[in-house]
Amino acid sequence: HAKMATIPLGFNIDSPRWDQSTFVGRLKHFLNITDPRTVLVPEEELDRAKALVEGCRAGLVPPGSSQEQLLYAKKLYDSAFHPDSGEKMNFIGRMSFQVPGGMAITGCMLQFYRTVPAVVFWQWVNQSFNAFVNYTNRNAASPISLRQIGVAYVTATGAALATAVGLNLYTKRAPPLLARWVPFAAVAAANCVNIPMMRQQEIINGITVTDENNNELGHSRRAAVKGIAQVVLSRITMAAPGMIILPIIMERLEKFTFMQRIRVLHGPLQVLLCGGFLLFMVPAACALFPQRCSLALADLELELRDSIVAKHGDKVPYVYFNKGL
């Protein structure tokens, strides 16, 4: 009776706490699992959270467990373990590390944009960070070789550097604000290369699609393309406000005398301001599209569509898949 006293009958730990069909519901969900405080949680506590979540799925809830304890365990589980494989994700690649990691790198990119060596260094650091994040948050059902990872990393870094250095040289005679926007242009260009390259196996072989009850139906390349396109748009949106608005703020602030006296603090200030933007933009960008993405049966490859219709008739109007983050 102890375990039923605090947990409602029929409680399902995997049911989202908020409506995932609405942007606000998804925003609340991602505010919860991208909480940067979870990166400070010890590994042992993360492992205990996983054990509690898996036990709850099996109906083995420790006596005295409250619903709040289970929901917190699920928050830690979602922040640190991959939704497909259940494996613990590397520390740097977790979405909960996007705020502390992203604010430091973005702040430095925005501060050190004037010289080519600085642009090259910080774009390289940023693409290395992005490679970790993209690999960590891929659809884990599609393995990728070390060679493919290396090609994706080199290609994306090359795209970022070519964009950044090219625009940096081009904007030397342009208004100062345009030069400050060069890092964003480089980040956007690199995202368009990095994410599809890092997840190329999904495009080549397709990703697993299911019906609404999670019954596997086959593999679809079109589903992979849709999921990856949404992730690219989300990542660019994540970076946009900080990298577009913050340069305008700094451009105006630096005209004040007191700001000219504290030049050494401009870098730390930009890092902190980037953190403020990312604190909201990381969950907001992740919430743009549902994590469990859908695709109409009519939009699938002909062979897969015919296979589904042959087995299920018209009972499966949509297929579902994990788009990654």
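1. Ser 220 is buried, with a relative accessible area of 0%. The model is a predicted one. Ser 220 belongs to strand E2. Setting aside neighbours within four places in sequence, Ser 220 touches Gly 206, Ile 207, Val 209, Leu 300, Glu 301 and Leu 304.

2. Elsewhere in the pair, Thr 210 stands opposite Glu 216 of E2.

3. Now the turn. E1 and E2 form a hairpin, and five residues lie between them. Asn 214 is in that turn and has a positive phi of about 70°. For anyone inspecting the strands, a general point: in a regular strand, side chains alternate between the two faces of the sheet.

4. Next, the aromatic residues. The structure holds seven aromatic pairs. One of them is Phe 112 with Trp 122: the ring centres are 6.4 Å apart and the planes meet at 15°, so the pair is stacked. Stacking here rests on the planes being under 30 degrees apart. Phe 112 lies in the loop between helix H5 (98–111) and helix H6 (116–136), while Trp 122 lies in H6, so the pair ties together parts ten residues apart in sequence.

5. Trp 122 counts as buried, at 19% relative accessibility. The cut-off for buried is under 20%. Trp 122 also pairs with Phe 121: their ring centres are 5.0 Å apart and their planes stand at 80°, so this pair is edge-to-face. Phe 121 counts as partly exposed, at 41%. Ring pairs link Phe 112, Phe 121, Trp 122 and Trp 124 into a cluster.

6. Helix H6 also packs against another helix. Its partner is H9 (residues 182–198). The angle between the two is about 35°, and the axes are 10 Å apart. H6 passes H9 in a right-handed crossing. On the H6 side the contact is made by Gln 123, Asn 126, Gln 127, Asn 130, Ala 131, Asn 134 and Tyr 135. H9 contributes Pro 183, Ala 186, Val 187, Ala 190, Asn 191, Asn 194, Ile 195 and Met 198.

7. A ring also meets a charge. The charged end of Arg 292 sits over the ring of Tyr 320. The distance to the ring centre is 4.5 Å.

8. Last, His 266. Where does His 266 lie? The residue is in helix H13 (residues 266–286). His 266 counts as buried, at 3% relative accessibility. Leaving out neighbours within four places in sequence, the contacts of His 266 are Gln 111, Met 250, Glu 254 and Met 259.

Key: Residues numbered from 1 in each chain as written. Heavy atoms only, no water. Phe/Tyr/Trp six-rings, centres within 6.5 Å; stacked < 30°, edge-to-face > 60°. Helix = DSSP H or I, 4+ residues; strand = E, 2+ residues; numbered from the N terminus. Buried < 20%, exposed > 50% of the residue type's maximum accessible area, 1.4 Å probe, protein only. Lys NZ or Arg CZ within 6 Å of the ring centre and 35° of its normal. Pairing = 2+ DSSP bridges. Axes fitted to C-alpha atoms, helices over the stretch in contact; angles between N-to-C directions. Left-handed = near helix turned anticlockwise from the far one by under 90°. Contact = heavy atoms within 4.5 Å.
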